[in-house]
Amino acid sequence: MTCNRRTVLKAGVAAAIVATFGSVGPAFAAKPLVIGFSQVGAESEWRTANTVSIKDAAKKDGITLKFADAQQRQENQVKAIRSFIAQRVDIIAFSPVVESGWDTVLREAKAAKIPVILTDRAVNVTDPSLYVTFIGSDFIEEGRLAARWLLERAKKTPDATFNIVELQGTVGSAPAIDRQKGFAEIIAGNPKLKIIRSQTGDFTRTKGKEVMEAFLKAEGKKINVLYAHNDDMAIGAIQAIEEAGMKPGKDILVISIDGVRGAFQAMVAGKMNVTVECNPLFGPQLMQIARDVAANKPVPKRITVQEGVFPAEVAAKEFPNRKY
Ligand code: AHR
């Protein structure tokens with residue numbers, strides 16, 4: 001009898017919820033997932049596309065995103081993560097400016113039982129259980145792909161040697177470390193390919209231009225190749241090459257990474273030779289992983305996004321398909 005009354009009562013409550021919200025389950029489960037996300041900054045076209053992808057995906061999925069821009073400073077990211085812990089968000093996600101120095105704050109997140117998802121850039125921590133998963137690119141492979149393009153190009157002029165200048169990304173960041181490593185690995189032992197200068201341009205156009213100006217001042221016409229760790233620095237450097245009275249893409253081969261629309265425009269204009277894709281549009285994937293993590297479902301420790309290589313020859317055809 002009691003049992004029957006309870007059943008009737010439950011059915012009544014459910015009916016009222018259905019009348020109000022349209023269904024039973026979601027009305028009870030409707031507390032939106034809250035993600036605290038700390039972004040590196042707004043240093044490049046790539047980063048802007050990545051931020052838009054993450055914000056749009058959260059909005060579309062009804063996820064509350066607390067977004068913090070670190071302006072390329074690790075201390076700002078540490079502050080943001082601590083604030084997310086204090087706010088008791090469900091998940092913390094972040095793209096670390098640099099690889100090292102995260103153990104303490106990640107231990108604090110773990111002690112607060114808040115799962116951490118790394119996006120785009122990896123960290124160097126002693127205890128891998130401090131984060132649940134990483135979603136992003138294989139930066140070492142991107143460096144290798146850039147160098148392999150140059151190797152193929154070098155085969156066309158067997159007698160020529162190639163003096164390379166390298167514009168590195170932010171010092172201590174995973175993409176700078178790995179893209180340098182991958183490129184060096186492929187050209188190692190090849191007497192025709194030599195890096196004559198290497199310096200950081202901090203992933204920005206302004207710095208890329210500035211450092212390229214310094215390279216040109218020091219080495220002038222000795223430079224045959226520019227390898228830039230991202231398109232923004234390459235675009236800045238292209239300006240410096242032109243201002244020095246040389247032709248980017250011809251006098252100096254320009255090899256870069258990201259695949260942003262600006263790089264495709266430069267390739268169509270004959271000023272850049274190749275860009276290796278680094279895909280920033282993983283917002284929807286991140287939201288899915290965050291939901292899985294929140295639901296305690298197992299997720300892979302590393303999720304790598306798919307990418308391609310785009311030489312200048314295909315730029316005009318590919319340009320209309322570019323989404324960032
Ligand atoms: O971490 C990804 C890198 O960061 C992108 O290649 C670059 O453009 C960005 O600033």
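Which residues are around the ligand? In this predicted model, where local features need pLDDT of at least 70, side-chain atom pairs count only at pLDDT 80 or more, and totals for chains, interfaces and linings use all residues, the list runs as follows. Around the ligand sit Glu43, Ser44, Trp46, Arg47, Asp120, Arg121, Phe139, Pro175, Arg179, Phe203, Asn230 and Asp258, each with a heavy atom within 4 Å of it. Residues are numbered from 1 along each chain as its sequence is written, and side-chain values use heavy atoms, with hydrogens and water left out.

Sorted by class, this shell has six charged, four nonpolar and two polar residues (Asp, Glu, Lys and Arg count as charged; Ala, Val, Leu, Ile, Met, Phe, Trp, Tyr, Cys and Pro as nonpolar; the others, Gly among them, as polar). Domain 1 (34-137 + 280-305) and domain 2 (139-278) both give residues to the shell, so the ligand lies between them, with domain bounds taken from an automatic or database assignment.

Now for the polar contacts (pairs of N or O atoms within 3.5 Å). A side-chain N or O atom of Asp258 is 2.6 Å from a ligand oxygen. For Arg179, a polar side-chain atom lies 2.8 Å from an oxygen of the ligand, and for Ser44 the distance from a side-chain N or O atom to a ligand oxygen is 3.0 Å. The protein covers 100% of the 280 Å² of accessible area that the ligand has on its own (Shrake-Rupley method, 1.4 Å probe).

Note on methods. A polar contact is a pair of N or O atoms within 3.5 Å; within protein, one must be able to donate a hydrogen and the other to accept it, and residues adjacent in sequence count only if both atoms are side-chain atoms.
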